[in-house]
Structures are given as C-alpha cells and as structure tokens.
Amino acid sequence: MSIIFERLIVDTKRRTLGLPGGEVACRIGRGGAVAAGEKREGDGATPVGSWHLRTLFVRADRLPAPATSLPWRYVAPEDGWSDDPADPAYNRPVRHPYPFSAERLWREDGLYDLIVTLNHNSPPVPGAGSAVFLHCTVADRPHTAGCVAIDRNDLWAMLPRLSRDTILDIR
C-alpha cells in the first residue's frame, strides 16, 4: 500500500499543486483566490483555506474502478450538484431533473471525468460557494469556475495516495 498524502499545497500565484516529491501545474478560478469567508456563489473565485478531501466521482464510461481509499462511486447522467442558495440541498449532490439550479456532473468535455469533493462550505451556508472540487483540466479552459483542476493523468496517479485525511491546502 502506498503512503497516503497528508497535505497537497495549491500555490495560487504560481498555479501549482505541490505534493511529496514534486508538483504539477494546476488551474484555479477565473476570479482568482479569495479568503474563504469572502467566497460567494458565482464569483468564480477559489477559496483560500485548508479543505479535507471527502468523496470521489468517476466517469465509468471513460475510466475503470480507481485504486483509492476515498469513498467513491461512478457518476451517472442524472447526477448534479446544487448551486442555488435558495435550495434546501444547497452545496450537496442532487439528481436531475431537479427543481432548483444544479450543475450537471456528467459532462462531455472531460472536466469531470474525476471529481474529488472537498469539505468547503460544509455544513452549507447558502450563498457561500458550492461545488468547489478538485477535478480534471481540459485544454481549452485556462481557469475554473472556482475549483482546483489538474491534468487527468496526474489526478488518476494520485488517487491511491489520497484519503479523507488528506488536506488540500489552498494558499
């Protein structure tokens, strides 16, 4: 068994994600980085802070079962994540069709082939930011909507060393 990563460090100025033994390029939100208490729904900013990894979603038609100690499941076309502050299920997974605004987790562009959820805004405070994930990059997107994104192959390679005790430290 691999040694579990205790901490991954995101340098928002250098756009790198540091891990034991090296670093990889990452992308952050189009709104830059903001203090967690200043994060607002739709601002496109990545929240500065220390966030535990929680769960993993995997696109079954593109990737096999992962080797990881993170709780995981395959994502389905109906899967979504509530981004509507008026929704009682705000900043939580939901199923489409859904009566409130909710991001679709099943995407054709590859961005969400792997999604690691974080404990940002948990328990949810309406309007304080939703769907802040660690996920995959795609070539034509120089930034995210507030998440941290890295190359899919890099994220896949890290999965055996990630757990619910791993912290994503965004600085």
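Colleague: What share of the 171 residues in the protein chain is buried?

Modeller: Buried residues make up 50% of them. Keep in mind that this is a predicted model.

Colleague: What makes you say the radius of gyration agrees with a compact globule?

Modeller: A compact globule of 171 residues would come out near 16 Å, and the protein chain has 15 Å, so the two agree. Along the principal axes, the C-alpha atoms fill a box of roughly 45 × 35 × 30 Å. As for contacts with a separation of 6 or more, 58% are between residues 24 or more positions apart.

Colleague: And what is the chain built from, in terms of helices and strands?

Modeller: There are 13 strands and 1 helix. Going from the N terminus, the order is β-β-β-β-β-β-β-β-β-β-β-β-α-β.

Colleague: Why are strands E1 and E2 called paired?

Modeller: Pairing takes at least two bridges. E1 (residues 7-11) and E2 have 3 bridges, in the antiparallel sense, so they qualify. One of the contacts across is Asp11, whose bridge partner in E2 is Thr16. The two strands form a hairpin with 4 residues between them, and Arg15 in that turn has a positive phi of about 60°.

Colleague: How do you know that E2 also pairs with E3?

Modeller: Same test: at least two bridges are needed, and 4 bridges join E2 to E3 (residues 22-25), so that counts as a pair, again antiparallel. Leu17 stands opposite Val24 in E3. This hairpin has 2 residues between its strands, with Gly21 in the turn at a positive phi of about 95°.

Colleague: Which way do the residues of E2 point?

Modeller: Thr16 and Gly18 point one way, Leu17 and Leu19 the other, and all are buried.

Colleague: Why is Asn91 called buried?

Modeller: The cut-off is under 20% relative accessible area; Asn91 has 9%, so it is buried. Asn91 sits in the loop between E7 (79-82) and E8, and its phi is near 60°, positive in a residue other than glycine. Most residues other than glycine have a negative phi.

Colleague: What makes Ala131 buried?

Modeller: Its relative accessible area is 7%, which is under 20%, so Ala131 is buried. Ala131 has a positive phi too, near 55°, and lies in the loop between E10 and E11.

Definitions and conventions
Residues numbered from 1 in each chain as written. Predicted model: local features only at pLDDT ≥ 70, side-chain atom pairs only at ≥ 80, totals over all residues. Heavy atoms only, no water. Buried < 20%, exposed > 50% of the residue type's maximum accessible area, 1.4 Å probe, protein only. Rg over C-alpha atoms; globule rule 2.2 N^0.38 Å. Contact = heavy atoms within 4.5 Å.
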